[in-house]
Amino acid sequence: MHYLIGNHSLMKRINRARVMNLLRINGTLSRAEMTEATGLDSKSLTNITGELLSEGWLESCGLSNPAIGRPRQLLRIRSDSESFIGAALNPGRVVAVRCGLDGAIQAKSFQDISPDADRESLMRAVFRLIDSLIGSFGRSGAARQIGFAAPGVMMPEGSGFLLSVNIPGFKDIPVGDMLAERYGIPVSIEDSSRSMAIAESWFGRARGVENFLLVDIDIGIGLGIYSEGRIYRGTSNSSGEMGHTVIKRDGPLCYCGNRGCLEALASGRALLEKISGIRQSGRYSSEDLNRLKEAAVAGDKEVVNLLKQAGKHIGMAVANAVNLFNPRMLIFAGPLAWEDSPLVESARRDLSAHALSSSLRQLTVQVSSLHGGAALGAAALALREVYEVEGVLTI
Ligand SMILES: [Zn+2]
């Protein structure tokens, strides 16, 4: 939990965000309950809720029915008063969601694209999907903010992406500026694995967990790091490159130039290359991984064995990460990480075998239950304007 001490307007923003968070988490509350939960005096609390009511962000929803005392007016967030868009580019697919002010998902949409699509086609698909979600928002037809996520190397200042090995056409794209210019609203950008971790914190397994890691097993492999209640981005916005940690000296050549990277041994791309016997950049989509999953579920021995092997490598890399970060929770996510996936089962075993018992003692290992996690995380990124102040989650 973090509190800032500052001037009056900063404190007001923090208190507004605290009230909004309380209602987001609890659904409906009376002013008396909010006064107690926030520690604010009742006059300040009434001022804040009055302001939020007049802005249309809150609405009253009947009276409480207490065992003792008089009934009190209940308040809740008016979900449809604002909309926030989250869009994510994956290899072969764009996914977008529209959330209401309380984070409730109002609409979700996706469009398949060629993994070889060029820059113009990719951006056209992103625009088209966002247009369709904004256009379907009834009253004002506009969104308040957009969040966008993609796998790749972000520009150090965070306005776009320098490259994405798994989406070759997505190169040198200041996507944040392009979206802001087209829609005229603020835009936030994030790496996919980090965005998936944000989604788990808002909508998934990691609600209320301050320290956790998310392993994103897709065409590539990434790590989302949540530390002390916030995402860790690193000095130049490139944290979480677990796919390029070396786990086998003199192992297979990785496209980053190194040998023996986790990604060259255990990523979706490495598995697809092993099966097809063809080494190529791009060209693979997350849909190819869904077919691998189907084959594994149907009992294809070759695929099951490949997934087990990959799981051993991932388990070892994850054991190192768990020793380094001592998280409360570790979440496996992505198309190859379903609940009884051979990959996850063997990764769990190798994690237990290689991590320190002190790192494992309080660790819970989970498999993500979210679909389209990166797009959900991007929507949560957009919602931060309401619920966070200067990156501080005001719960
Ligand atoms: Zn590498």
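**Exercise 1.** Is the crossing of helix 9 and helix 10 left-handed or right-handed? Characterise the contact as well.

*Solution.* The model is a predicted one.
Step 1. Helix 9 covers residues 286-297 and helix 10 covers residues 301-325; their axes come within 8 Å and cross at roughly 110°.
Step 2. Angles of 65 to 115 degrees count as roughly perpendicular, so helix 9 is roughly perpendicular to helix 10.
Step 3. The handedness of the crossing of helix 9 and helix 10 is left-handed.
Step 4. On the side of helix 9, Leu292, Ala295 and Ala296 take part, and they meet Val303, Val304 and Leu307 in helix 10. Classified by residue type, this contact of helix 9 with helix 10 comprises six nonpolar residues, with no polar and no charged ones.

**Exercise 2.** At what angle do the axes of helix 10 and helix 11 cross, and which residues make the contact?

*Solution.* 
Step 1. The axes of helix 10 and helix 11 (residues 342-354) come within 6 Å, with a crossing angle of roughly 35°.
Step 2. Helix 10 and helix 11 form a right-handed crossing.
Step 3. Helix 10 contributes residues including Val304, Leu307, Gly311, Ile314 and Val318, while among those of helix 11 are Leu343, Ala347, Leu351 and His354.
Step 4. The contact of helix 10 with helix 11 divides by class into 13 nonpolar, four polar and six charged residues.

**Exercise 3.** How many nonpolar, polar and charged residues does the contact of helix 2 with helix 3 have?

*Solution.* 
Step 1. Helix 2 (residues 31-38) and helix 3 (residues 42-54) have axes that come within 10 Å and cross at roughly 115°; the crossing is right-handed.
Step 2. Arg31, Met34, Thr35 and Thr38 of helix 2 make the contact with Ser42, Leu45, Thr46 and Thr49 of helix 3.
Step 3. By class, the contact of helix 2 with helix 3 has two nonpolar, five polar and one charged.

**Exercise 4.** Which radius of gyration does the protein have, and how does that value compare with a compact globule?

*Solution.* 
Step 1. The secondary structure amounts to 13 helices and 17 strands.
Step 2. The domain assignment lists domain 1 (8-77), domain 2 (81-197 + 374-393) and domain 3 (206-369). The centres of domain 1 and domain 3 lie 42 Å apart, taken over C-alpha atoms.
Step 3. The C-alpha trace spans about 70 × 50 × 40 Å along its principal axes.
Step 4. For 395 residues, a compact globule would have a radius of gyration near 21 Å; the protein has 22 Å, which agrees.

Terms used: Residues numbered from 1 in each chain as written. Predicted model: local features only at pLDDT ≥ 70, side-chain atom pairs only at ≥ 80, totals over all residues. Axes fitted to C-alpha atoms, helices over the stretch in contact; angles between N-to-C directions. Helix = DSSP H or I, 4+ residues; strand = E, 2+ residues; numbered from the N terminus. Parallel < 35°, antiparallel > 145°, perpendicular 65-115°, else oblique. Left-handed = near helix turned anticlockwise from the far one by under 90°. Contact = placed C-beta atoms within 7 Å. Nonpolar A, V, L, I, M, F, W, Y, C, P; charged D, E, K, R; others polar. Domains from an automatic or database assignment. Rg over C-alpha atoms; globule rule 2.2 N^0.38 Å.
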